[in-house]
Amino acid sequence: MQIAIDFNAAYPPHQRHSDTSRASAASVALKFNARTLDLLKEFKNHPQGMTDEFGQGHLNIEGNSYRPMRVTLYKHGYVEDSGDRQRLKSGRFGAVWRITGFGLDKLREEGL
């Protein structure tokens, strides 16, 4: 069973045992959630999928901000590893992530 993210209330990933980590997550929650929803919309705009490297460059987001958003979408079932791999600038290969039907349903639910 997949659990929907409440993009208005969810905290970004943080260390639950740490008061400073919880406080930091709370302070950026609104921005993180808005940007995570924007990222989900970008996955809809790229139905063939995107590597993290492409998504970071396309949205001009640093990896340390981008990856937690993509991981959040993955953990909630909104995006999935397509099984495809693309060569990255480093010469290595990266996973191509794509939106799922559940992700498309979430965007419809959000009126997007």
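Predicted model: local features only at pLDDT ≥ 70, side-chain atom pairs only at ≥ 80, totals over all residues.

Me: Which residues have the most contacts inside the largest nonpolar core?
Reply: Those are Leu 39, Leu 40, Phe 43, Tyr 66 and Leu 73, in a core of 15 residues. Helix 1 (19-45), helix 3 (63-75) and strand 2 (93-99) each give two or more residues to this core.

Me: Which element has the largest share of it?
Reply: Helix 1, with 4 residues.

Me: Switching to helix 2, which residues are buried there?
Reply: In helix 2, which spans residues 52-59, Asp 52, Gly 55 and Gln 56 are buried.

Me: Why are those on the same side of helix 2?
Reply: Because they cover an arc of only 100° around the axis. As a general point, an α-helix has 3.6 residues a turn, so residues three or four places apart point the same way.

Me: What do the buried residues of helix 2 pack against?
Reply: Helix 3 and strand 2.

Me: And what follows helix 2?
Reply: Asn 60 does, and its phi is positive, near 55°.

Me: Last one, zooming out: how much of the chain counts as buried?
Reply: Of its 112 residues, 38% do. The accessible surface is about 7,000 Å², with 49% of that belonging to carbon and sulfur atoms.

Conventions: Residues numbered from 1 in each chain as written. Heavy atoms only, no water. Buried < 20%, exposed > 50% of the residue type's maximum accessible area, 1.4 Å probe, protein only. Areas by Shrake-Rupley, 256 points an atom, 1.4 Å probe, with all protein chains shown as cover. Core = buried A, V, L, I, M, F, W, Y, C linked by side-chain atoms within 4.5 Å. Arc of directions from axis to C-beta. Contact = heavy atoms within 4.5 Å.
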